[in-house]
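Here is a quick tour of a protein model, with a look at its strands, its charged contacts and its aromatic rings.

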Amino acid sequence: MKKTKSTTSPIPKKATKTGAKNKQSRATSDADIAQPQDEQKLPETIALDLNAQKKVSKQTVSIKKQLKAGTITIKESRKILQQKAEEQRGLVYIGHIPHGFYEEEMKKYFKQFGKVTNVKVCRSRITGNSKGFGYIEFKDAEVAQIAADTMNNYLMFKKRIVTEYVPYEKRPKGLFHGKSSTKEYTSVRTRRGKQKFSRNKQLDEETALKKTKASVKKFESKVKKLASLGIKCTVVPVTAS
């Protein structure tokens with residue numbers, strides 16, 4: 001009998017290094033195809049109208065060049081400009097203000113020292129009357145210092161005026177903001193009307209009793225404090241019968 005050859009397939013050999021490299025190169029090429037070849041850089045300023053993009057980009061480039069050269073300057077905000085101006089100015093506190101020596105009179109009088117930028121007389125929110133003190137602002141801090149030194153303990157209308165220079169760090173916030181501090185702009189009518197209405201309105205018996213009890217308690221506590229200090233009080237509170 002003739003011997004037949006075996007038809008079994010040979011055992012596959014291990015993959016070579018070259019085959020692995022080819023696979024890696026194919027993977028990288030596929031990734032390159034997925035990514036865009038030329039990535040376009042976006043402009044710094046994008047125009048709303050696409051047709052005007054070139055014009056806008058040219059304008060931005062020219063503005064940057066002018067800023068570097070110093071031909072154009074950017075305006076600062078109003079708050080920053082106001083703060084810088086306040087830092088250069090000088091503020092003077094004035095106390096024991098006599099009756100009749102208010103905003104207009106103070107501005108006219110203190111003009112002899114230098115330029116007066118602002119005047120503030122502190123007033124009551126209810127009546128609008130002067131509290132007896134205020135502030136004067138000068139354009140230059142040196143002038144304010146001179147005015148404070150010369151006017152301190154100055155006798156005016158039988159009153160001794162007290163003046164003191166206020167540095168920028170101790171300046172009250174929002175001192176000259178808003179409307180003028182004259183009696184016309186203190187809204188006296190509305191506030192005074194509210195006070196009149198609240199104090200002169202007719203009360204019920206229950207509310208009147210509550211108020212009288214509260215006032216008597218306050219008075220008794222004050223009498224106790226005086227007694228602890230060694231002061232005798234013979235005043236008796238009057239209550240409604």
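## A charge over a ring

Let's start with a cut-off: a charge sits over a ring if NZ of Lys or CZ of Arg is within 6 Å of the ring centre and within 35 degrees of the ring normal. Keep in mind that what you're looking at is a predicted model. Here, Arg-123 lies over the face of Tyr-102, at 5.2 Å from the ring centre.

Arg-123 has a second contact too: its side chain meets that of Glu-103 in a salt bridge, at 3.1 Å from N to O. This pair links distant parts of the chain, with Glu-103 in helix 4 (residues 103-110) and Arg-123 in strand 2 (residues 116-123), 20 residues apart. Are these two partners buried or exposed? Glu-103 has a relative accessible area of 10%, so it is buried. Arg-123 comes out at 13% relative accessibility and therefore counts as buried as well.

## Glu-137 and its two arginines

A search of the whole structure turns up three salt bridges. Glu-137 forms one with Arg-89, where the closest N and O atoms are 3.4 Å apart. With a relative accessible area of 1%, Glu-137 is buried, whereas Arg-89 is partly exposed at 27%.

Glu-137 also forms a salt bridge with Arg-171, and here the closest N and O atoms are 2.7 Å apart. Arg-171 belongs to the loop between strand 5 and helix 6 (188-200), 34 residues from Glu-137. Both Glu-137 and Arg-171 are buried. Shared partners join Arg-89, Glu-137 and Arg-171 into one network of salt bridges.

Now for strand 1 (residues 90-95). Five of its six residues are buried, so strand 1 is largely enclosed by the rest of the structure.

Which strands does strand 1 pair with? Six bridges join strand 1 to strand 3 (residues 130-138), and the two run antiparallel. Within that pairing, Tyr-93 has Tyr-135 of strand 3 as its bridge partner. Strand 1 also pairs with strand 5 (residues 159-166), again in the antiparallel sense, over five bridges. There, the bridge partner of Leu-91 is Val-166.

How many aromatic pairs does a search of the whole structure find? The count is six. Take Tyr-109 and Phe-110: their ring centres are 5.5 Å apart and their planes lie at 80°, so the pair is edge-to-face. Tyr-109 has 25% relative accessibility and counts as partly exposed, while Phe-110 is buried at 1%.

These two residues also belong to a wider group. Phe-101, Tyr-109, Phe-110, Phe-113 and Phe-138 form one aromatic cluster.

## A nonpolar patch outside

Over on the surface, Ile-63, Leu-67, Ile-72 and Ile-74 form a nonpolar patch. Together they have about 350 Å² of accessible area.

Leu-67 is one of the residues in this patch, and its place is in helix 2 (residues 53-69). With 35% relative accessibility, Leu-67 counts as partly exposed.

Key
Residues are numbered from 1 along each chain as its sequence is written. This is a predicted model: local features need pLDDT of at least 70, side-chain atom pairs count only at pLDDT 80 or more; totals for chains, interfaces and linings use all residues. Side-chain values use heavy atoms; hydrogens and water are left out. Rings of Phe, Tyr and Trp (its six-membered ring) pair if their centres lie within 6.5 Å; planes under 30 degrees apart count as stacked, over 60 as edge-to-face and the rest as tilted. Buried means under 20% relative accessible area, exposed over 50%, partly exposed in between (1.4 Å probe, protein chains only). Patches are made of residues with over 30% relative accessible area and no salt bridge: like charges are joined within 9 Å, nonpolar side chains (Val, Leu, Ile, Met, Phe, Trp, Tyr) within 5 Å. Accessible areas come from the Shrake-Rupley method with a 1.4 Å probe; for residues, only the protein chains shown count as cover. A salt bridge is a side-chain nitrogen of Lys or Arg within 4 Å of a carboxyl oxygen of Asp or Glu. Helices (H or I, at least four residues) and strands (E, at least two) are DSSP runs, numbered from the N terminus. Two strands pair if DSSP finds at least two bridges between them.
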